[in-house]
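Biologist: Could you take a close look at one part of this protein for me? I'd like to hear about the nonpolar patch on the surface: which residues form it, and which strands supply them?

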Amino acid sequence: MMALANQAAGHPLGFANPVLYRLAGSAAFNDVASPASTVAMVRTNYVNGVDASNGLAYVLRTANQTLSLKTTPGYDDVTGLGTPAGSFLAKVAAP
């Protein structure tokens, strides 16, 4: 994400934490909340880690199943401040 922000700004932005936390709770982030029920997805991995020439491996992943990490409003250990909104790069790249 920072590489894209640097590219959008046209120069390295440096240490981003002050900007990120200044934007906490704003429209720059989508707050992630716990789903009402279990969410699962199938992830496809390259067997050789590079390309599909040696085949594919499929792994079922479930979300929000850990007992130690919970998503909570505002900030959580799972997603931090949340997921970047569409306007994120513009706000980070602004002076």
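Predicted model: local features only at pLDDT ≥ 70, side-chain atom pairs only at ≥ 80, totals over all residues.

Modeller: The protein has three helices and four strands, and along the sequence they run α-α-β-β-β-β-α. Your patch is made of Val 42, Tyr 46, Leu 56, Tyr 58 and Leu 60, which together show about 570 Å² of accessible area. The biggest giver is β3, with three residues.

Let's zoom in on Tyr 46, which sits in strand β2. Why does Tyr 46 count as partly exposed? Its relative accessible area is 44%, and the partly exposed class covers what falls between under 20% (buried) and over 50% (exposed), so that's where Tyr 46 lands.

How far can you trust this spot? Strand β2 (residues 39-46) has the highest confidence in the protein, at a mean pLDDT of 90, while helix α3 (residues 88-93) has the lowest, at 60. Over the whole protein the average pLDDT is 81, and 84% of the residues score at least 70.

Of its 95 residues, 15% count as buried. And among contacts between residues at least 6 apart in sequence, 54% join residues at least 24 apart.

Methods. Residues numbered from 1 in each chain as written. Heavy atoms only, no water. Helix = DSSP H or I, 4+ residues; strand = E, 2+ residues; numbered from the N terminus. Buried < 20%, exposed > 50% of the residue type's maximum accessible area, 1.4 Å probe, protein only. Contact = heavy atoms within 4.5 Å. pLDDT = per-residue confidence, 0-100. Patch = residues over 30% accessible without salt bridge, like charges linked within 9 Å, V, L, I, M, F, W, Y side chains within 5 Å. Areas by Shrake-Rupley, 256 points an atom, 1.4 Å probe, with all protein chains shown as cover. Salt bridge = Lys/Arg side-chain N within 4 Å of Asp/Glu carboxyl O.
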